[in-house]
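Please look through the structure below with its loops in mind. The paragraphs that follow take a few loop residues in turn.

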Amino acid sequence: MNIAKLKEEIKNVNDPRRISYGNIRHKLEDIIIIGLFTTICGGEDFADMEAFGKEREDLLKNFLELPNGIPDSDTFRRLFERINPQELSLCLKNWIDAEREQRAVIAVDGKTIKGSRNREHKAYHVVSAFVAENQITLGEITTAEKSNEITAVSELLDLIDIEGAIVTADAMSCQSGIVSKIREKNADFTITLKENQHELYEDAVESLASFENERDYFSTLEKSHGRIEKREYFLLKNLTWLTHKNKWKSISAFGMEISRISKDGKTNINRRYFITSLSDVNEFAYSVRKHWSIENQLHWCLDVIYNEDRAKNRKDNSPLNMNVLRKIALSLVTEAQYGRLSKRKMMFKAALNPNVLLNIIFGYKK
């Protein structure tokens, strides 16, 4: 990655200002790059962007023109309220140019940005596609409400490259149209099955209980801090009897996970059911476990590290553009981790040491 390529990609973002009037004091690329640098260092809002710019102006002059110095917080706010978030996301992802493994797990799930609600619109709900192995966000779609997530997932699958991957999703995405689209794009899927698909759910529960001798089996056992966690995975591949096979022709197997978590003499047992196009129980088990990465390594980080749900930027596109910056920042920090430092510690280190910041952004140590 280099700054020249980033500036080139930013040219694909339409400047919402009236640039023809000739009264533009700050360059679009300068504003976006300072915003990204600030976010990598843990900054949360537009005041932080102004403060970071002034504190690191000498460093920034090595990369940026800054014809009129550092923009103030209102300039950052006005611009990020009006930039198209899809254009911003695409330009930054093209700059990172992160490659995923062919057989990666792409977890699809939605997150409501609770603090984005105002008088003009409800809280934005963002559906993201997250690569579990290298923790990059391939794409996102915004909906007005969580109830629109089914349509959003289908639209998101049209936008991203999933060929060869395993797509995972929760029960809301357990729709025949969605699984058919995944298979048409030469990918596999593992999707949670619940009673929103009542007949299919009953078939899965009954068949997995009845055909014990035909199930493939895999298990894991983990012990840590007085907690014992055993997970068992079952895969039933013989579905020739399935009455709605025409509607669900993309399904190759029913899957089940039984988790037994023991601590302080108490054991909690939980069963979850899945539809899948996979035929290998080990791969099925892996995809089930990896789906949680979108919660643990993306949504949790957005809320805990960046306090996204309590963020005050609510107007127009600002919550969505800040969401894009945070996801890109998390990807860069993950890629450049120093030893066993957490993401939060890495960001703090970058805020203190410009050389660490340069390593995170450009992948080298000065």
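This is a predicted model: local features need pLDDT of at least 70, side-chain atom pairs count only at pLDDT 80 or more; totals for chains, interfaces and linings use all residues.

A residue counts as buried when its relative accessible area is under 20%, and as exposed when that value is over 50%, with partly exposed in between.

Ser-277 lies in the loop that joins strand S9 (266-276) to helix H10 (281-291). Its relative accessible area is 8%, so Ser-277 is buried. What does the side chain of Ser-277 make with the side chain of Asp-188? The two side chains form a polar contact, at 2.7 Å.

Asn-186 is not a glycine, yet its phi is positive, near 60°. Is Asn-186 buried or exposed? Its relative accessibility is 52%, and therefore Asn-186 counts as exposed.

A positive phi is also found at Gln-135, where the angle is about 55° although the residue is not a glycine. Gln-135 sits in the loop between strand S2 (125-131) and strand S3 (136-143). With a relative accessible area of 13%, which falls under the 20% cut-off, Gln-135 is buried. Gln-135 and Asn-186 thus each have a positive phi, but Gln-135 is buried, whereas Asn-186 is exposed.

Terms used
Residues are numbered from 1 along each chain as its sequence is written. Side-chain values use heavy atoms; hydrogens and water are left out. Helices (H or I, at least four residues) and strands (E, at least two) are DSSP runs, numbered from the N terminus. Buried means under 20% relative accessible area, exposed over 50%, partly exposed in between (1.4 Å probe, protein chains only). A polar contact is a pair of N or O atoms within 3.5 Å; within protein, one must be able to donate a hydrogen and the other to accept it, and residues adjacent in sequence count only if both atoms are side-chain atoms.
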